[in-house]
Amino acid sequence: MTIQAQDPAAEIPGKPTSASRTTLSHIMTGSDTNLMGTVHGGVIMKLVDDAAGAVAGRHSGGPAVTASMDEMAFLSPVRVGDLVHVHAQCNWTGRTSMEIGVRVMAERWNESTPATQVGSAYLVFAAVDSDGKPRTVPAVIPDSERNERRFKEAQIRRTHRLARLRAIKELREQQPDEA
Ligand SMILES: CC(C)(COP(=O)(O)OP(=O)(O)OC[C@H]1O[C@@H](n2cnc3c(N)ncnc32)[C@H](O)[C@@H]1OP(=O)(O)O)[C@@H](O)C(=O)NCCC(=O)NCCS
């Protein structure tokens with residue numbers, strides 16, 4: 001009798017993008033500033049990681065850790081008093097990893113204008129079990145044309161990330177040990 005290995009992902013029902021989409025909102029205070037008096041980029045990155053982590057936990061139904069964060073773009077400064085909204089969603093899923101896309105919007109405290117985009121980022125989270133080992137995630141089901149486009153774009157980023165990691169690993173293996 002032949003025993004066939006089962007794909008664990010095939011047994012987990014997929015989830016639509018909308019099921020785990022999350023927004024965190026936060027008013028910036030004086031303790032969030034850098035020497036220029038605007039909000040420190042690291043404060044925004046923490047909010048981005050928090051929002052993305054909430055999505056990864058919701059989508060995967062358990063703990064998930066940040067594996068990488070890339071293409072973090074700061075488009076314009078955030079100021080004290082601004083109300084920042086961090087919108088995050090699962091763009092793509094692999095076997096145990098998820099790409100989370102994040103858009104950062106700011107409502108200026110002293111202007112009655114709509115929120116403007118001030119940043120964006122893509123993060124990869126790996127779902128982990130109680131031993132910290134990667135575990136299988138449900139497939140994300142893009143639920144709109146825009147989310148289908150995001151899925152395809154995330155797949156391109158994934159290919160480039162893996163190629164870059166592989167190329168650097170190969171280069172380091174060819175180099176003599178550094179002192
Ligand atoms: C992320 C982590 C769980 C990966 O564990 P691992 O033993 O290397 O497992 P794998 O190689 O099977 O990687 C698991 C998944 O993550 C992806 N992944 C791992 N490292 C990655 C990276 N640097 N960039 C993008 N994806 C990555 C893999 O492609 C794989 O995805 P897939 O299953 O969908 O194909 C492990 O490196 C870890 O625990 N890192 C620390 C995470 C952490 O503490 N974050 C908070 C920082 S304070």
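1. In this predicted model, strand β6 is largely enclosed by the rest of the structure, because 9 of its 12 residues are buried. A residue is taken as buried here if 20 or more other C-beta atoms lie within 10 Å of its own C-beta.

2. Two neighbours of β6 can be described in terms of their bridges. Strand β5 is joined to β6 by 10 bridges, and the two run antiparallel; within this pair, V104 stands opposite G119 of β6. Strand β3 is linked to β6 (residues 116-127) by 8 bridges, again in an antiparallel arrangement, with A64 facing A127 of β6.

3. These strands belong to an open sheet of 5 strands, ordered β2-β4-β5-β6-β3, with antiparallel pairing. The edge positions are held by β2 (22-27) and β3 (64-74); each has a single partner strand, so one side of each lacks a neighbour in the sheet. From one strand to the next, the twist averages 20°.

4. Helix α1 (residues 41-60) lies across β2, β3, β4 (83-93), β5 (97-107) and β6, and runs at about 135° to β5. Helix α2 (residues 145-174) packs on the sheet and touches β3, β4, β5 and β6, its direction making about 75° with that of β4.

5. As regards annotation, an unreviewed UniProt entry places the feature "domain: HotDog ACOT-type" at residues 18-131. Over residues 18-131, the chain is 18% helix and 45% strand, and the C-alpha atoms at the ends are 29 Å apart.

Methods
Residues numbered from 1 in each chain as written. Predicted model: local features only at pLDDT ≥ 70, side-chain atom pairs only at ≥ 80, totals over all residues. Pairing = 2+ DSSP bridges. Helix = DSSP H or I, 4+ residues; strand = E, 2+ residues; numbered from the N terminus. Axes fitted to C-alpha atoms, helices over the stretch in contact; angles between N-to-C directions. Contact = placed C-beta atoms within 7 Å. UniProt positions renumbered as here; feature names shortened; annotations may be inferred.
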